[in-house]
Amino acid sequence: MISLVPSWAVYNEEFWETIKHRNLWFIKLRYGAVLMLFAFIVSSEFLLGIGFTQTQLVALTLINCSILVYNGILQWLRVYLKCEPFKFNPLHFSLVQMVLDLSALMLLVYFTGGIETPLFMLFVFHMIIGSLILPGTVIYTIAISVVFIFFGMVLGEYHNLISHHAVAGLLQTPLYNNFKFIVTYSIVFGFVILMSVVLANKIANQLYLMEQKLVESLEQLNAAEVEKQNYVIGVVHEIKTPLSAVNSYLDVILQGFLGPVNEKILAKLQRVRARSAEAIQLTNDVLKVSKLRLLDEIKKEEIKVRDILSSVLKKQRANFDRKKVKLHFKDNRKIRSKILGDKLLLEIAFSNLVSNALKYIEDEGVIEIILDEKEKGIQLEVCDNGIGIPEKDIEKIFDDFYRASNIRSKGYEGTGMGLSIIKHIVEKHNGTIEVQSPSRLASTNKPGASFIVFLPLE
Amino acid sequence: MAKIIIIDDDPDILDACSLVLNSKGHEVFTATNPEDGYRIVKNNLPDLIILDVMMNEPDDGFFLAQKFRRNKIAVPILMFSSVSQTVGMHFGINELVPVDDFVEKPISPSLLVEKVEHLLRLRRET
């Protein structure tokens with residue numbers, strides 16, 4: 001079996017998908033063509049007063065019916081095709097369609113007057129489509145065959161070797177027996193067909209090459225990203241090791257394993273401990289983000305969002321009590337659909353969202369958590385009346401290491417990675433996250449913020 | 001009083017942990033690589049092994065733990081890990097890791113003591 005597949009595309013899934021998609025598209029188009037041909041026969045008879053002979057009507061109807069029949073068979077056959085580069089595959093299927101269409105068109109041209117019919121122009125666009133999908137040698141062969149068969153038909157009619165089927169009322173004088181006319185028209189026709197094939201094929205090849213280059217650079221980019229993340233993980237890990245040792249020694253001192261420590265020194269050591277804990281938190285956050293970026297696919301287990309949320313809220317209960325924050329939790333959904341996702345990751349994301357809301361509440365705090373049904377998904381809103389986010393910072397708060405101006409000036413500690421982690425996790429689930437500040441719980445000096453997460457069902 | 005062996009490539013971690021466990025009256029041996037660690041465990045038959053998951057190579061600790069188990073050394077193992085809480089490598093009890101518990105780095109002395117006492121108590125009971 002001849003291979004029609006360009007070498008780069010043999011195992012390229014996207015290439016095969018495109019071909020399959022295009023085959024289906026051709027089949028749909030062909031049903032349209034059948035309708036148009038039918039309309040053409042009817043309208044030329046009744047609107048233009050063009051008279052077809054009995055033979056022509058029978059032939060045209062038969063051609064149209066055959067197109068309909070072979071299109072039905074093609075549509076049925078299409079489903080059973082496998083994308084095996086070296087066996088009968090969707091590309092061979094395209095070639096078969098092409099040959100069938102060209103044969104039908106050639107018959108159509110013959111029965112509507114040969115060189116006298118305008119329908120032979122339709123060959124040009126068939127050739128252009130063919131050049132885009134078939135390799136050069138195959139389409140050149142087809143084009144040359146079409147041109148020669150056309151010449152043969154025209155000459156055959158001229159020499160009365162085959163009968164001419166003129167369309168009555170189209171031309172005032174017959175042209176098929178006018179030698180100068182048929183020679184000039186045939187030459188121009190042949191030239192147009194060959195030129196369109198050559199040009200379209202050249203352009204298609206260039207497009208293929210460009211696509212190939214794009215795929216290559218994309219692969220290089222991905223490889224560079226993986227290398228970068230691995231480098232970051234390596235470096236951060238190397239930093240974390242001595243930091244861990246520092247922290248452990250500090251704990252040995254602070255927890256009294258080396259005996260009593262002077263109170264003044266103890267106070268400062270506690271600061272040192274807090275700052276080194278901050279640095280360790282940062283290394284952990286960076287490791288999390290880097291590993292998230294390296295993650296090609298997340299787990300897809302069935303998840304009840306409400307269960308994860310309940311477990312997060314249970315773990316945070318003490319923090320709510322400590323800050324005297326009121327929690328309102330509403331589940332407005334009628335159907336509690338499950339989503340597919342990674343439980344551990346979503347728990348990290350929800351937990352970060354809730355602790356974020358808690359962290360930036362100063363007094364008389366309220367946090368509202370609302371679950372809602374949306375079209376093809378679930379929406380989770382975490383709304384608070386904390387210190388809010390200044391307008392100028394809103395755009396950047398999901399960036400790595402970004403900390404809003406008000407939390408920096410008020411001396412809140414943090415790494416600026418929390419929201420970035422949440423965003424990564426939500427996006428790994430094909431979801432979205434938005435933020436609004438002031439929130440609807442806003443009051444004087446307490447603008448609050450509201451984070452809205454959307455997670456799709458599939 | 002129990003005999004405990006700590007295997008970690010960071011001498012400061014060994015020192016800090018020894019300090020803590022000595023102060024609780026345990027006898028502590030240390031090793032900075034899997035080979036020495038294996039030898040010391042073989043020669044001393046401790047009550048507890050504390051093992052870092054990452055030494056010269058990532059997962060060295062795991063392989064060493066597996067080696068102990070394959071050679072019928074059934075001493076409880078407490079593993080130091082710096083990845084247990086990080087995405088992508090979630091060690092769980094159901095994931096056939098032949099260790100009895102984990103402590104995440106940085107190690108908090110009080111937590112270390114708690115976990116060590118717990119594992120020793122379990123060992124005494126059986």
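Predicted model: local features only at pLDDT ≥ 70, side-chain atom pairs only at ≥ 80, totals over all residues.
**Entry 1. Chain A against chain B**

I began with the contact between the two chains. On the chain A side I found 20 residues, and these touch 18 residues of chain B. I then looked up which elements of chain A supply that side. Helices α6 (179-254), α7 (263-294) and α9 (343-359) of chain A each give at least two residues. The largest share is that of α6(A), with nine residues. Sorted by class, the chain A side has ten nonpolar, six polar and four charged residues.

**Entry 2. α1 and α2 of chain A**

Next I took helix α1 (residues 13-46) and helix α2 (residues 54-78) of chain A. Their axes lie 10 Å apart, and the packing angle is about 165°. Angles over 145 degrees count as roughly antiparallel, so α1(A) is roughly antiparallel to α2(A). I noted the crossing of α1(A) with α2(A) as left-handed. From α1(A) the contact includes L24(A), I27(A), Y31(A), V34(A), L37(A), F38(A) and I41(A). On the α2(A) side I listed L60(A), I67(A), L68(A) and L74(A), among others. The contact also takes in R30(A) of α1(A) and R78(A) of α2(A). By class I have twelve nonpolar, four polar and two charged residues for this contact.

**Entry 3. Nonpolar cores**

I turned to the largest nonpolar core, which has 40 residues. Those with the most contacts inside this core are A349(A), F350(A), L353(A), A357(A), V382(A), I422(A) and I425(A). Elements of chain A that each supply at least two of its residues include α7, α8 (305-322), β4 (366-374), β5 (377-384), α12 (418-428) and β7 (450-456). The largest share of the core, eight residues, is from α9(A). I checked A349(A) separately. With neighbours within four places in sequence left aside, A349(A) is in contact with I422(A), I425(A) and V426(A). Another core, of 37 residues, lies apart from the largest one, and I6(B), I7(B), I107(B) and V116(B) are among its members.

**Entry 4. α1 and α4 of chain B**

Last I looked at helix α1 (residues 11-23) and helix α4 (residues 109-125) of chain B. The two axes come within 10 Å and cross at roughly 60°. I therefore recorded α1(B) and α4(B) as oblique to each other. Their crossing is right-handed. C17(B), V20(B) and L21(B) of α1(B) meet P109(B), L112(B), V113(B) and V116(B) of α4(B). I counted seven nonpolar residues in this contact, with no polar and no charged ones. V116(B), noted above in the core of 37 residues, is one of the α4(B) residues here.

Methods
Residues numbered from 1 in each chain as written. Chains lettered and ligands numbered in written order. Contact = placed C-beta atoms within 7 Å. Helix = DSSP H or I, 4+ residues; strand = E, 2+ residues; numbered from the N terminus. Nonpolar A, V, L, I, M, F, W, Y, C, P; charged D, E, K, R; others polar. Axes fitted to C-alpha atoms, helices over the stretch in contact; angles between N-to-C directions. Parallel < 35°, antiparallel > 145°, perpendicular 65-115°, else oblique. Left-handed = near helix turned anticlockwise from the far one by under 90°. Core = buried A, V, L, I, M, F, W, Y, C linked by C-beta atoms within 7 Å. Buried ≥ 20, exposed ≤ 12 C-beta atoms within 10 Å, placed from the backbone.
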